[in-house]
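Here is a walk through one protein model, written for someone who likes cut-offs spelled out. Have the viewer open while you read.

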Amino acid sequence: MASQSNSESLWASLPEELLDSILGRLASMVDFIRFSAVCLDWRRIAYENYRNPPYDPQRRHQLPLLMVPTPDSSTDTRSLYDVRGKHLYDFRLKVPYHRRCAGSSHGWLIFVHDSYQVTLFNPFSGKSIHLPPIRRLFFEKRIRDEVDEMSVLPDFEKYQYEKKMRDEYDEEEEEYVPDLDEIVFYSDGEDEGDELEQDEEEESRDLEFGPKRFHESEYSIERGVLSTNPEINPNGYFLMVIYGTQSKLAFIKSGDQHWTYIDKSICDQNVRDVLESSYVRRGLWYRRDIVYRNGLFYVLDHLGVLLSCDVKTNLKVEKITGLDTLHNKWNHKTYLVESSEGDLLRVIRVIEDEYRYGMTIKFKVYKLVDFCGDPHWTEVNSLGNDALFLGDNHSISVVAYDFVGCQPNSIYFCDNCDDFYYCGGPNDIGVFNLQDGCVRRHYTLAHSQRLMPPSIWISPTFL
């Protein structure tokens with residue numbers, strides 16, 4: 001015991017400046033944790049460096065790891081996969097919720113329960129934050145559950161009945177809701193042809209929101225993004241989500257007892273014009289991704305419309321870019337990412353065909369440029385030294401050269417928000433290199449693991 005005590009004393013006696021320098025050169029969070037395990041003094045220094053790094057603060061942001069089912073398909077733990085060494089770590093994360101993660105942001109997982117309550121869970125610290133339920137999701141559930149009863153009512157009685165429900169759940173009265181007689185909740189048909197016309201897109205929407213996704217609370221939030229790590233700023237963080245079958249927006253601030261819903265009444269006229277367009281009224285406008293940048297949330301839809309949302313002071317929503325025709329395929333995925341240089345990138349994930357089980361074949365990348373006061377998206381052919389990590393997670397960019405083994409000018413991706421995942425669908429996990437245009441598969445799930453909650457990228461945190 002004396003020998004161990006003397007050894008710890010020797011390690012603890014090393015100058016803090018030297019230890020700070022060592023920490024500044026550690027790329028892996030696993031190495032960071034191992035450093036902190038040497039002795040109590042080293043753990044204290046590691047903690048202080050993480051909270052207030054004397055080196056480049058960007059180094060606090062670790063390379064994302066892929067959280068995957070364990071080899072034995074455990075229901076309460078997950079494994080971590082490192083894309084650089086292409087291996088699973090030999091430790092497991094305790095994850096008490098056996099369901100899809102509705103998001104991953106700043107090291108926190110986002111879960112939605114059957115009560116539509118939202119929980120933030122940090123698998124590295126084991127801490128949980130329980131947020132109130134999204135009440136408007138109860139409205140959607142009531143509409144689904146009572147569609148048969150409502151469909152036989154005369155139009156005016158149907159309107160009055162629905163209005164009462166809207167008032168009960170604080171749902172926006174002006175929001176367009178399709179005629180209940182025309183709603184198709186299940187579709188077994190296939191798309192016809194390679195190109196979708198506008199009059200076919202509603203059928204495609206039914207495919208995307210198939211029975212599993214439409215009825216499972218865990219799929220009621222498509223995307224969730226935190227403004228900051230709640231453990232670093234416990235009293236000043238925001239969470240914004242894309243929720244429901246109409247891809248609406250809501251946010252909540254730490255300490256709030258209710259969600260704030262972003263309705264037309266708080267948007268500028270340019271945004272209202274979009275919300276009142278035929279695309280939105282026909283249910284063809286899907287908000288797809290969110291980033292938090294310079295004190296604002298930015299929201300991108302699948303048709304290129306970019307909104308800025310100021311949620312800190314007087315709630316304000318403005319339109320930055322309008323509709324375009326660059327990409328309008330219903331099953332292509334759209335992401336919004338901030339590059340390491342601070343540019344906003346619109347990333348399109350192209351699927352091989354129009355069928356439900358299509359695999360990723362390439363990505364297209366566009367950068368937001370503002371020429372003479374006319375913001376628009378322009379295609380770029382290279383990400384430079386950046387690597388992107390895309391999926392159900394908060395979309396992430398890193399400088400690849402900061403992490404040995406990480407490929408620059410590449411996009412690492414995994415399945416995201418697809419109902420067929422639970423039905424034994426594709427294992428769409430890989431990396432796309434923009435220079436050679438090739439997709440390479442770097443991790444494959446066993447067939448039994450594909451019935452587990454989907455994989456997701458997560459940024460390790462020391463706290």
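E338 is partly exposed, with a relative accessible area of 28%. For the burial labels, buried means under 20% relative accessible area, exposed over 50%, and partly exposed in between (1.4 Å probe, protein chains only). Before going on, note that this is a predicted model: local features need pLDDT of at least 70, side-chain atom pairs count only at pLDDT 80 or more, and totals for chains, interfaces and linings use all residues. Residues are numbered from 1 along each chain as its sequence is written, and side-chain values use heavy atoms, with hydrogens and water left out.

What does E338 pair with? It forms a salt bridge with R293, and the closest N and O atoms are 3.5 Å apart. A salt bridge here is a side-chain nitrogen of Lys or Arg within 4 Å of a carboxyl oxygen of Asp or Glu. R293 sits in strand β12 (residues 287–293) and E338 in strand β16 (residues 333–338), so the pair ties together parts that are 45 residues apart in sequence. Strands (E, at least two residues) and helices (H or I, at least four) are DSSP runs, numbered from the N terminus. R293 is buried, at a relative accessible area of 18%.

R293 has another contact too: its charged end sits over the ring of Y298, 5.9 Å from the ring centre. That label asks for NZ of Lys or CZ of Arg within 6 Å of the ring centre and within 35 degrees of the ring normal. R346 does likewise with Y366, its charged end lying 5.7 Å from the centre of that ring.

The loop between β1 and β2 holds D72, which meets R92 in a salt bridge at 3.2 Å, N to O. R92 belongs to strand β3, so this pair ties together parts 20 residues apart in sequence. R92 itself is partly exposed, at 41%. K94 forms a salt bridge with D76, the closest N and O atoms being 3.1 Å apart. That pair links K94 in β3 to D76 in the loop between β1 and β2, 18 residues apart. D76 is partly exposed, with a relative accessible area of 31%.

## Charges elsewhere

How many salt bridges are there in the whole structure? A search finds 17. R349, D428 and R441 are linked in a network of them.

D415, in the loop between β22 (410–413) and β23 (430–433), is buried yet has no salt bridge; the nearest side chain of opposite charge, R349, is 4.6 Å away. Lys and Arg count as positive here and Asp and Glu as negative, while His and the chain ends are not counted. The side chain of D415 does reach the backbone nitrogen of D428, at 3.1 Å.

## Aromatic pairs

The count comes to 12 aromatic pairs. Y97 and F121 form one that is edge-to-face, 6.1 Å centre to centre with 90° between the planes. Rings of Phe, Tyr and Trp (its six-membered ring) pair if their centres lie within 6.5 Å; planes under 30 degrees apart count as stacked, over 60 as edge-to-face and the rest as tilted. Y97 lies in the loop between β3 (87–94) and β4 (103–105) and F121 in β6 (residues 118–121), so the pair ties together parts 24 residues apart in sequence. Both ends are buried: Y97 at 17% relative accessibility and F121 at 4%.

F238 and F251 have ring centres 6.3 Å apart and planes at 55°, so that pair is tilted. F238 is in β9 (residues 238–243) and F251 in β10 (residues 248–253), 13 residues apart.

## Positive phi

S73, in the loop between β1 and β2, has a positive phi of about 55° although it is not a glycine. N294 has a phi near 55° and counts as exposed, at 67% relative accessibility.

How values were computed
A polar contact is a pair of N or O atoms within 3.5 Å; within protein, one must be able to donate a hydrogen and the other to accept it, and residues adjacent in sequence count only if both atoms are side-chain atoms.
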